[in-house]
Amino acid sequence: MHKVSQLYRKYRILRWLCWIGVVIPSVSFILVSISFLLVMHWPRDYQDVVNIALDPEVEYLTFSAHGVKDTPASWSDELQRTYSEIQQLPFSDLKKQQISFSWQPYSNNVFNCSVDGKKIGIRLGEQIAQLPKLTGVHLVGHSCGSFVILGVCEALKERKVSMSVQTTYLDPVSVYSGIFWDYGVNHFGSCADFSDAYIDIQDTVPGSNQALRNAYTFDVTQTRVSNKLDYAPHAWPTMFYINALKKNQVPIYYKSTHKLSAGFQKNMLMTWPLEY
């Protein structure tokens, strides 16, 4: 009887150790993760940022979204000015509208920006899809702003609108909802007629240093390194793209379908410069 009592006490201690060392931490981790995801996906209004002025007469729209903890002033404003100044673009003869989109404060949260960005993009895409004379859009996103243009693009595709859609990703962040690490790599470019990406492989942000499955991805690292340019790897693709656009060196999809499709390959990393 004494032996039975000892064994009972012994295994009871082991059971408590198991609860303290394994079960309780596991349950706590699951509960915290679920709570985190609930907060991240909790419905928000976004009306303060999606209420933008769209010209009902616009025929071609250029739209750019900055990244996490950034503002349009760092590169997006200059990009849209460049679109308005260049005369030889394929859509130059159309009535254009340039939008340098600010989505603060939602862009300031590293953990939530992917979910908020995509939801905001969907709301914007629903509005853009209603423009009666629109024939084409060029959507450009940097870092977490890539989820904004993904949302816009998916909303346009969902409504089966008849227009040309190009998406351009500049050092895009791939992690969605904090747990889907390859989401961007697998989805960016999937809904567009043509999609290109420009990355710096010395950047350590997930998705910002590898080829996208559904886009033509260009490695522009050597342009920065060989010219000893003082830009951080994550910021460099935005400056590269603006300068290359001014020199007519980057592909513009509108009215150029066959030329672009023949010159590039998706899901592989191509070192810049390439001829197209």
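The legends below describe close-up views of a predicted model.

**View 1. Helices H4 and H5 cross.** The axes of H4 (residues 113-128) and H5 (residues 146-158) come within 6 Å and cross at roughly 40 degrees. The two helices are therefore oblique to each other. The crossing of H4 past H5 is right-handed. On H4, the contact residues include Gly117, Lys118, Gly121 and Ile122, and on H5 they include Phe147, Leu150, Gly151 and Glu154. By class, the contact of H4 with H5 has 9 nonpolar, 5 polar and 3 charged residues.

**View 2. Glu154 and Lys118 form a salt bridge.** The closest N and O atoms of the pair are 3.4 Å apart. Glu154 belongs to helix H5 and Lys118 to helix H4, so the pair ties together parts 36 residues apart in sequence. Glu154 is partly exposed, at 24% relative accessibility, whereas Lys118 is buried, at 11%.

**View 3. Glu57 and Lys133 form a salt bridge.** Their closest N and O atoms are 2.5 Å apart. Glu57 sits in the loop between helix H2 (47-50) and strand S1 (60-65), and Lys133 in the loop between H4 and strand S3 (136-143), so the pair ties together parts 76 residues apart in sequence. Glu57 is partly exposed, with a relative accessible area of 37%; Lys133 is partly exposed, with 42%.

**View 4. Asp200 and Arg224 form a salt bridge.** Here the closest N and O atoms are 2.7 Å apart. Asp200 is in the loop between strand S5 (194-199) and strand S6 (216-219), and Arg224 is in helix H7 (residues 221-226), 24 residues apart. Asp200 is buried, with a relative accessible area of 0%, and Arg224 is buried, with 9%.

Technical notes. Residues are numbered from 1 along each chain as its sequence is written. This is a predicted model: local features need pLDDT of at least 70, side-chain atom pairs count only at pLDDT 80 or more; totals for chains, interfaces and linings use all residues. Side-chain values use heavy atoms; hydrogens and water are left out. Axes are lines fitted to C-alpha atoms, for helices over the stretch in contact, and angles run from 0 to 180 degrees between N-to-C directions. Helices (H or I, at least four residues) and strands (E, at least two) are DSSP runs, numbered from the N terminus. Angles under 35 degrees count as roughly parallel, over 145 as roughly antiparallel, 65 to 115 as roughly perpendicular and the rest as oblique. A crossing is left-handed if the near helix is turned anticlockwise from the far one by less than a right angle, and right-handed if clockwise. Contact means heavy atoms within 4.5 Å. Ala, Val, Leu, Ile, Met, Phe, Trp, Tyr, Cys and Pro count as nonpolar, Asp, Glu, Lys and Arg as charged, and the others, Gly among them, as polar. A salt bridge is a side-chain nitrogen of Lys or Arg within 4 Å of a carboxyl oxygen of Asp or Glu. Buried means under 20% relative accessible area, exposed over 50%, partly exposed in between (1.4 Å probe, protein chains only).
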